[in-house]
Amino acid sequence: MKKKSMLIVLAAFLIVNSFNGQVRSPAMKNEGLRAGLAITDITPEIPVMLYGYSSRKAPSEGVHDPLYARAVVFENNGKKVVLVSSDLGSYSNDVLAVFRRSILEEYNLRESELFLSAIHSHSTPILSLNKENGNPNNIVYTDGLNRKLLNLIGEAFRNLRPVQACLGTGSSPVGANRREMRPDGSITLGRNPYGPTDKEVLVMKILSPDGKPVGGIFDYATHATSLGPRNLMVSGDVLGISAQFVENILGNGLVAPVFAGASGDIDPWYRVLPEFNPEPGWIPEPVLLGTLLGEEVVHVFRNIRDTIAGGEIVTSCSTINLPRRIQAKDAEIDAAAGQATVPVNIIAAKIGEDVAFIGFSVEMLTEIGMKIKAGSPFKYTFLITHCNGYSGYLPPAGLYKEGGYETTSTPFVIGSGETVAKQALRMLYDLK
């Protein structure tokens with residue numbers, strides 16, 4: 001009888017302390033946080049169709065700045081999380097399914113342990129594996145990218161070593177609200193300098209045991225769209241250029257993965273320009289803005305003093321199937337016509353008591369992102385969009401009445417943004 005009671009108590013403990021397949025155990029020896037980083041070039045070597053503008057019909061005509069994928073792996077007591085930042089527009093759901101399956105199988109990962117994200121640059125290759133309708137060059141590029149990402153993550157795992165992680169925040173004016181009101185009261189894509197904007201630049205410094213900086217993860221909320229549909233040069237745009245700047249300035253092989261925050265209604269201060277301006281003495285706007293953001297990252301990085309407490313890793317993921325809005329206009333969403341719901345993938349991870357990462361397969365408008373960050377129980381919350389697929393724009397309920405591109409193109413019914421925010425906060429509190 002005594003033995004039976006003990007078994008009941010043990011079972012109850014495991015149920016209470018388990019979370020998405022991971023079991024928390026206070027008695028488990030804390031072997032300390034380890035991290036490994038890696039970077040690989042993913043610049044297309046052949047002309048490809050570029051992402052993001054349906055009016056652009058011609059393939060790329062050259063490369064302004066190289067594209068990279070960067071990975072960081074965190075591990076502690078056998079628990080791990082993999083974050084991948086790639087200088088791309090987004091991972092369509094069909095491409096994600098292939099890539100995610102190969103990565104999870106290759107490295108024996110759970111779905112809750114992989115953040116596969118894009119910085120949403122509109123001057124990067126469209127990913128496609130569709131041999132019937134896809135551009136042949138883009139299909140070749142996508143096939144090669146799958147193998148590059150597998151190798152990249154493998155290198156990050158091989159680079160695992162004990163680390164110390166430190167956090168800090170700054171602020172940047174690079175992003176601006178783009179929902180500009182016309183004289184007649186309608187909303188157009190432009191610049192609204194008085195609209196809501198998340199200016200926070202969130203930075204993690206990763207140090208090796210000897211105090212050498214090896215990584216600089218950062219997160220900022222802006223579209224990477226300072227270049228418009230007339231541009232045919234491959235570029236990481238503002239976010240890609242900012243990461244290269246940080247790596248060049250800090251040097252010594254440091255890797256700086258960058259993630260796009262909640263920026264569905266945030267564009268760079270200078271937006272959708274036709275080209276890199278070649279005028280003598282002129283600093284092209286993507287370079288100017290990328291450098292400005294990069295300099296803030298470096299300022300924060302060099303002054304960080306806040307070391308995170310603990311290194312326990314806990315992860316979770318969920319998919320919410322939200323009612324589909326009938327009048328969706330987005331081309332990718334229209335292709336899925338007939339489906340009654342739209343899936344939204346959410347993934348969350350905590351590292352220690354102070355830091356959380358939470359990713360979404362949507363273009364989340366900044367108001368929702370700011371609400372999630374404000375409500376998070378963690379001191380530092382990296383909010384990542386275009387993560388683990390693409391489901392469309394996610395506006396807050398209050399903007400549907402106003403109209404504008406984001407609300408007319410969304411596949412989601414009113415109130416969906418609030419539903420996602422509640423689920424995200426629930427997941428963050430469960431991690432805590």
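What volume does the largest cavity have? It comes to about 80 Å³, and the structure holds 1 cavity of 30 Å³ or more. Before going further, keep in mind that this is a predicted model, where local features need pLDDT of at least 70 and side-chain atom pairs count only at pLDDT 80 or more, while totals for chains, interfaces and linings use all residues. Residues are numbered from 1 along each chain as its sequence is written, and side-chain values use heavy atoms, with hydrogens and water left out.

So how do you find a hole in a protein? Rolling a probe the size of a water molecule over the atoms shows where empty space is left. Here a cavity is a set of points, on a 1 Å grid over the protein atoms alone, where a 1.4 Å probe fits but cannot get out, and a lining residue has an atom within 4 Å of a point. Points are joined across faces, edges and corners, and the volume is the space filled by probe spheres set on them.

Helices (H or I, at least four residues) and strands (E, at least two) are DSSP runs numbered from the N terminus. The largest share, 4 residues, comes from α7.

On to the charges. Side chains of opposite charge can pair when their charged atoms come close. A salt bridge here is a side-chain nitrogen of Lys or Arg within 4 Å of a carboxyl oxygen of Asp or Glu, and a search of the whole structure finds 14 of them. Take Glu247 and Arg70, whose side chains meet at 2.6 Å, N to O. Glu247 lies in helix α4 (residues 237–250) and Arg70 in strand β5 (residues 68–76), so this pair ties together parts that are 177 residues apart in sequence. Both Glu247 and Arg70 are buried (buried means under 20% relative accessible area, exposed over 50%, partly exposed in between, with a 1.4 Å probe and protein chains only).

Asp306 and Lys379 form another salt bridge, with the closest N and O atoms 2.7 Å apart. Asp306 is in strand β18 (residues 306–307) and Lys379 in the loop between α7 and β23 (380–384), 73 residues apart. Asp306 is partly exposed at 21% relative accessibility, whereas Lys379 is exposed at 56%. There is also a network of salt bridges that links Arg178, Arg179, Asp267, Arg271, Glu402 and Glu406.

Finally, the rings. Phe, Tyr and Trp (its six-membered ring) pair if ring centres lie within 6.5 Å; planes under 30 degrees apart count as stacked, over 60 as edge-to-face and the rest as tilted. By this rule the count is 5 aromatic pairs. Tyr107 and Phe157 have ring centres 5.5 Å apart and planes at 25 degrees, so they are stacked. Tyr107 sits in helix α2 (residues 93–107) and Phe157 in helix α3 (residues 136–158), 50 residues apart. Tyr393 and Tyr405, by contrast, are edge-to-face, at 5.5 Å centre to centre and 85 degrees between the planes. Elsewhere, ring pairs link Phe74, Phe357 and Phe382 into a cluster.

Key. On a 1 Å grid over the protein atoms alone, a cavity is a set of points where a 1.4 Å probe fits but cannot get out, and a pocket is an open set with protein on both sides within 12 Å along at least five of seven lines; lining residues have an atom within 4 Å of a point.
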